[in-house]
Amino acid sequence: MPAFVLRFAALPFVAALFATSGASADVYKNVMPDGRIIYSDAPVKGARKSQAVEVPPPPSEVDQQKAMQRARENQRKKNELETRNEDRRQQFDDAEARVKNARTALAAAQLALDQGRTPLPGEFVGIAGGGARPSESYLQRVAALEQAVESAKKELDDALRAVNQAK
């Protein structure tokens with residue numbers, strides 16, 4: 001594979017060419033036998049091929065201003081995209097935290113329901129024939145615990161939807 005080399009001595013020369021407007025100078029592209037490419041102000045002895053290269057004139061003031069405007073516009077768009085990406089990352093992180101909290105709340109609600117199914121003293125009322133039935137307070141307490149579990153499940157579903165929307 002040929003190596004491409006720019007002779008350091010030619011760098012100031014090439015820079016000077018770009019700095020001068022209207023002045024015409026010759027630049028030569030020299031391909032050496034080993035494949036290296038050397039740019040110079042004259043053909044290099046021993047080069048396999050030497051060819052004059054047309055050096056474009058430096059950009060006009062108008063072209064420079066247009067380039068600067070494009071650069072500013074590109075930077076503005078980049079900043080806007082970075083801001084939107086950061087906002088989406090933050091939304092996703094918030095949604096993930098919401099899911100974690102919802103899972104914790106659901107686990108706590110289910111545990112409370114499991115423990116709450118055990119009747120407390122006085123929550124069963126005796127009936128004729130020797131049996132017992134749950135009191136109204138027991139039924140209301142268990143219903144409230146079941147409602148808490150359902151609410152926690154709904155919050156978890158909502159949080160999972162928020163994560164999917166934030167992706």
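Visitor: What is the bridge partner of Tyr28 in S2?

Guide: Ser40 in S2 is the bridge partner of Tyr28. This is a predicted model, where local features need pLDDT of at least 70, side-chain atom pairs count only at pLDDT 80 or more, and totals for chains, interfaces and linings use all residues. Residues are numbered from 1 along each chain as its sequence is written, and side-chain values use heavy atoms, without hydrogens and water.

Visitor: What makes strands S1 and S2 a pair?

Guide: Two strands pair if DSSP finds at least two bridges between them. Here 4 bridges join S1 (residues 27-31) to S2 (residues 37-40), so they pair. The two strands run antiparallel. Their hairpin has 5 residues between the strands, and Gly35 takes a positive phi near 95° there.

Visitor: Why is H2 called roughly antiparallel to H3?

Guide: H2 and H3 (residues 136-166) pack at an angle of about 160°. Angles run from 0 to 180 degrees between N-to-C directions, and those over 145 count as roughly antiparallel. That makes H2 roughly antiparallel to H3. Their axes, lines fitted to C-alpha atoms over the stretch in contact, are 8 Å apart. The residues of this contact divide into 21 nonpolar, 3 polar and 9 charged.

Visitor: How do you know where confidence is highest and lowest in the chain?

Guide: By pLDDT, the predictor's confidence in each residue, from 0 to 100. Helix H2 (residues 61-116) has the highest mean, 96, and helix H1 (residues 10-19) the lowest, 48. The mean of the chain is 86.

Note on methods: Angles under 35 degrees count as roughly parallel, over 145 as roughly antiparallel, 65 to 115 as roughly perpendicular and the rest as oblique. Ala, Val, Leu, Ile, Met, Phe, Trp, Tyr, Cys and Pro count as nonpolar, Asp, Glu, Lys and Arg as charged, and the others, Gly among them, as polar.
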